[in-house]
Protein chains: 2
Amino acid sequence: MNLIEQAKLAKIASRQLRAIDGKTRDKVLLDFAKTLLANKDEILKENAADVAEARQNGMSQAMIDRLVINDTRLAAIAEGVRQVAALEDPVGKVLEERQISCGIHLKKVSVPIGVIGIIFESRPNVTADCAALCFKAGSACVLKGGKESYRSCKAITDAMKEALQENGITTDALMLGEKPSHEETEQFMACREYVDLLIPRGSKRLIRTVVEHAKIPVIETGAGVCHVYVDATADFDMADKIILNAKLSRPSVCNAMETLLVNKQIAQEYLPRITSLLREKGVSIYADESSRAIVEGLLEATDESYHTEYNDLIMNLRIVEDVDQAIEHIETYGTHHSDAIVTNDAVSRDKFMNGIDSACVYHNASTRFTDGFEFGLGAEIGISTQKLHARGPMGLNELTTYAYQLEGKGETR
Amino acid sequence: MNLIEQAKLAKIASRQLRAIDGKTRDKVLLDFAKTLLANKDEILKENAADVAEARQNGMSQAMIDRLVINDTRLAAIAEGVRQVAALEDPVGKVLEERQISCGIHLKKVSVPIGVIGIIFESRPNVTADCAALCFKAGSACVLKGGKESYRSCKAITDAMKEALQENGITTDALMLGEKPSHEETEQFMACREYVDLLIPRGSKRLIRTVVEHAKIPVIETGAGVCHVYVDATADFDMADKIILNAKLSRPSVCNAMETLLVNKQIAQEYLPRITSLLREKGVSIYADESSRAIVEGLLEATDESYHTEYNDLIMNLRIVEDVDQAIEHIETYGTHHSDAIVTNDAVSRDKFMNGIDSACVYHNASTRFTDGFEFGLGAEIGISTQKLHARGPMGLNELTTYAYQLEGKGETR
């Protein structure tokens, strides 16, 4: 079946989903956790076939690591699904309620979005994750993963379909694209008739492609060129801790620091200290001319460096005049994801907190906290770097929309 | 200046706007109301030139009526601006606040969107309306109106620029496209770098064009194929009142009824009565075969009729089996705007209220209440018929986004 036909069936299924209560949705998810484990042999066998083919095609070891499912990882996937089941029902919440002037009783209620399309790359665990979150939020889901993980994703979605079937719910509520062609995927991204929301998960290139071709509303996730700015009054010990954590605790993720900005008043003193700590840990540093005049052996930063999300032990360093220039730099080169200031000065702090146009702005803390679990959302489907609907960590509430339900006694206007 | 250059300057201005407090913004708006009246002669002269040219070009009288600004209308425009100034500040609201597990204090705060692009047709009052709402919400605004109202819009935006200047705020906060070419407008709609949100206001065709070409997030507004469904247990007097109000009180607006659905159990009795009331008021009715078998002289409805937003004294009529078929019809032909059920049966009501995937769903009340003022939002920039960010009447709160501000003491992860 092609992706458009699948989306059409998902749209029809989404109407059935609207009528299913939260308890039943949770029961299906708990059953899904069971069918994942019950189908372990099948899932591991299909995954092994994906991995073997990927090896033959010369996939890098890092990529193969992301592709592999073993006993431990499958148990973690099932546990993740159980955790989603345990979260509060995001559907049917009364967000506002009042009598409007004409006498009608107005309720603003959270309702399912309908059909959510998710385009992702090779990690097969995304399949279970997205299937569980979308279903919990009452929406049907159309997944389009990478060709290299197709067998693994298929085995996982089959387990979910088993759980749906056991509970008398149409298996069209979850669709997995059957290795659609490039053209088919582009048509899908324009298919406003059947798909209400498109979420790309993966590399910057993937996200750009989706934004370019989509006619469906998109929520961009992920791209993070995050900054830490060390102000003139910063506590150096605190700055060290925050910078090392933001850069080193997990360099490959989107909330890791890519660029360090340092106030020129403290540069002479602080730069040798922090660059030495970073280089000890194997970090390569691209720096501006003034920084290179203070510390020897730094690489030369270009305009492009400042735009780069390295996701690796590489970073940029730049000396700035003051907090205003720090804000200017971040607004020019950042991706509106997460940025931090380290300072003991209230004026600098307020300028930064209000002047930075990012989803998450930190004072005296690491950018690494930008995460649905850390924020107490219980789960996340991604981190939005755009401004409409969802911003920052996107949890179950952001996977719903709302409707106004109005109860009258014959009122006319 | 071309539209992209204007958008770029608006983006820079949007950073200044973030730092301006609510009181100053309200002061600017009150001054804008004054400069509108102080420049009355200029505005009316420019408007007269637009109207003269439109007449020469053979514009219809109805369209010319929309274009005209006179003393009374200008006073109403200024009063509208004053009302916006009086509304609660939508920026800087603490939407959520808590300590997250690591110890960081998290605040979710409403913040300006940045730059809002608005593409509209000939009514020049939209200029003042949008300029005031966007400014109140702390965002810069780029307006692209119709060529036929350019002089009027220019005179109105000049009045706003005067108010900005008097208060020491950059006049780049409000931009009016200088009759941009088709290509320029298309480039503008793709200009993600400088524009954060695009709102088309106007005809279905205009909205479709924007959705087709935009790469910026769009909020669709307006298109309304609204339904009233009369269930078997409906009170006929109440149904009459609601139907006549929904169709006749203002047929040209998006929340007017376009299609009436009647349960077959009451069709024999109710159809002659309601069709006669409607026809007395000059309404033409396109109807399905079963309805035409009951009432003589109805026009023949086609699939296309059911998709049509007439905005006129024309409507569709169809007999349905039950509430399920009514829902099926509305989901197939509706625009997810506003739909009503008239019934005294709780089961039908619940099925309808939860089964209809529209922004506003009514029980025993007219669809005509879908409006920002009626809902108590104080103002509206449009009625969204899509599901992300804003749904239904879109007020000042929906013209903002949010950011997480996190206050730490050196926390790392």
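Predicted model: local features only at pLDDT ≥ 70, side-chain atom pairs only at ≥ 80, totals over all residues.
1. Relation of the chains. Chain B is superposed on chain A by a rotation of 180° with 0.0 Å of shift along its axis, and the RMSD is 0.0 Å. The two copies are thus related as by a two-fold rotation axis. Within chain B, the residue that comes closest to this axis is B:H389, whose C-alpha lies at 1.8 Å. Of the interface residues of chain B, 100% are also interface residues in chain A, so the copies meet through the same surface.

2. Helix 1 of chain A. This helix comprises residues 3-18, which is 16 residues, and spans 22 Å from its first C-alpha to its last, close to the 22 Å expected at 1.5 Å a residue. Its N-terminal end is capped by A:N2, a side-chain oxygen of which lies 2.8 Å from the backbone nitrogen of A:I4. Several residues of the helix are buried, including A:L3, A:I4, A:K11, A:L17 and A:R18.

3. B:S358 is buried, because its relative accessible area is 1%, under the 20% cut-off. Its side chain makes a polar contact of 2.7 Å with that of B:D339. Beyond neighbours within four places in sequence, B:S358 is in contact with B:H336, B:H337, B:D339 and B:R391, and also with A:A403.

4. Salt bridges within chain A. Over all chains, the structure holds 58 salt bridges. One of them joins A:K247 and A:E258, at 3.2 Å from N to O. A:K247 lies in helix 10 (residues 236-248) and A:E258 in strand 8 (residues 257-263), so this pair ties together parts that are 11 residues apart in sequence. A:K247 is buried at 0% relative accessibility, and A:E258 is buried, also with a value of 0%. Another salt bridge links A:E88 and A:K93, with the closest N and O atoms 3.6 Å apart. Here A:E88 is exposed, with a relative accessible area of 58%, whereas A:K93 is partly exposed at 23%.

5. Salt bridges between chains. B:R18 forms a salt bridge with A:D357, the closest N and O atoms being 3.0 Å apart. This pair crosses from helix 1 (residues 3-18) of chain B to the loop between helix 15 (346-355) and strand 13 (360-365) of chain A. B:R18 is buried at 18% relative accessible area, and A:D357 is buried at 6%. Salt bridges with shared partners also join A:K11, A:R18, A:D196, B:D357, B:K387 and B:R391 into one network.

Key. Residues numbered from 1 in each chain as written. Chains lettered and ligands numbered in written order. Heavy atoms only, no water. Least-squares fit on C-alpha atoms with pLDDT ≥ 70 in both. Contact = heavy atoms within 4.5 Å. Helix = DSSP H or I, 4+ residues; strand = E, 2+ residues; numbered from the N terminus. Expected span 1.5 Å × (residues − 1). Buried < 20%, exposed > 50% of the residue type's maximum accessible area, 1.4 Å probe, protein only. Polar contact = N/O pair within 3.5 Å; in protein donor to acceptor, adjacent residues only side chain to side chain. Salt bridge = Lys/Arg side-chain N within 4 Å of Asp/Glu carboxyl O.
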